[in-house]
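Open the model in your viewer and keep the sequence panel beside it. Each stop below says what to select next and what is there.

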Amino acid sequence: AHACLTASAYLVAVLLGRGLGPSAYGVYGIVYSVLLSIELIGRLGVPQAVSKLIAEREDDARSLEATGITITGGLYLSIFAGFWLLAPQLAQLFRVADGTSLFRLACWDIPFYGLFFICSHVLNGRRDFAAQSLGLIVYSASRVVGISALYLVGLSVAGALLVNIFASVLGLGFVAWRVGPPSFRPTCSHFRSVVDLAVPIALFSLGAQALLSMDLWMLNALGASVSSEVKGMYVAALNLARMPNVAAFVASAVMIPSIARACALDRTEDAERHAGSGIRVLLVLLIPICGLIVVQAAGILEFVFSTAFVEGAAFLQVLTLAHGLLYTLFMACCGILIAVGGARQVALLSLASVPLAAVLAASMVGAH
């Protein structure tokens, strides 16, 4: 499923880069980056907490599932409202032309994506990896089909954002069917248990996503002298460099519920085996893939996008090491710590790193 998700992201990036061109693609990149960061903040709180708790407490799973879905529905509706109200300020901050309407269009994806993700994590907590995988495939395939159709008739930034909404609706429909109606009965019977774990995970997510997007945010907020073409090249390189991040989601999707269940049953050796196997698989995958991207950066950009993006090869080389290799390993290791009860520690670690990242990014953009 994650291979399909990676392939779909690759195809969507290619079609958008070729269909929109560097300037419009840069606009799409900043709007989608902000949307993705906001959605990830919500999805890495309650959903992961619910998944871990379901794996640990199978006897009370249905009530936990219903509590998680109820909390997520309210949370994402609140995020949607806040994003809508702040759209004019976001457009001004990131210097996006016609940004208010684009940000407000993008935010309609938030409630559908949020419910899709919590339902996927309910299936993950059940360790029903097949159903969770099918949901991801439906979601990713819908994006490819939608963007491909627009590519044939004429791409626009607004059209690409509408496809994101369309894919979330279809993905939600599938996973909600697999979860079943009983889990959608509103309840907050396990509110305290879920929130106590979700809060540090959400704080960790806030810091982690800020680290992931800080460079792009500073480039758009402070890089007034940087041309839109260069920003488009940076977005293209960033999208390619982030693709290995999917490996962290693959590892965590299996490791977190498996390690949490092993710990709940006091099977320490099984928990250690799950953690060690996950990290070894990541290293085997990441080192050759990231090395290849660094060596062939210019050729990859030309092949994926066009010759107009080749000058962004230096961006791709640095970003692959930062986002592709180190950030992926960071996220996987944090997932292991969350599974064994270290959510507060990873929250402090990620939040403490944000000010340093902001200062470094701002100084580098200012130096340019």
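Rings of Phe, Tyr and Trp (for Trp, its six-membered ring) pair if their centres lie within 6.5 Å; planes under 30 degrees apart count as stacked, over 60 as edge-to-face and the rest as tilted. By that rule, a search of the whole structure finds 15 aromatic pairs. This is a predicted model: local features need pLDDT of at least 70, side-chain atom pairs count only at pLDDT 80 or more, and totals for chains, interfaces and linings use all residues. Residues are numbered from 1 along each chain as its sequence is written, and side-chain values use heavy atoms, with hydrogens and water left out.

**Stop 1: the rings**

Select Phe80 and Trp84, which form a tilted pair, 6.3 Å centre to centre with 40 degrees between the planes. Both lie in helix α3 (residues 61-93), four residues apart, about one turn of the helix. Helices (H or I, at least four residues) are DSSP runs, numbered from the N terminus.

Are these two residues buried or exposed? Buried means under 20% relative accessible area, exposed over 50%, and partly exposed in between (1.4 Å probe, protein chains only). Phe80 is buried at 16%, and Trp84 is partly exposed at 30%.

Trp84 and Trp108 form an edge-to-face pair, 6.1 Å centre to centre with 80 degrees between the planes. This pair links distant parts of the chain, 24 residues apart: Trp84 is in helix α3, and Trp108 is in the loop between α4 (99-106) and α5 (109-125). Trp108 is partly exposed, at 41% relative accessibility.

Next, select Tyr113, Phe116, Phe117 and Tyr139, which ring pairs link into a cluster.

**Stop 2: two packed helices**

Select helix α10 (residues 246-264) and helix α11 (residues 268-295), which pack at an angle of about 170 degrees with their axes 8 Å apart. Axes are lines fitted to C-alpha atoms over the stretch in contact, and angles run from 0 to 180 degrees between N-to-C directions. The two helices are therefore roughly antiparallel, a term for angles over 145 degrees.

**Stop 3: a buried side**

Finally, select helix α12 (residues 297-304), whose buried residues are Ala297, Leu301 and Val304. They cover an arc of only 75 degrees around the axis, so they sit on the same side of α12. The arc is that of the directions from the helix axis to the C-beta atoms.

Methods
Angles under 35 degrees count as roughly parallel, over 145 as roughly antiparallel, 65 to 115 as roughly perpendicular and the rest as oblique.
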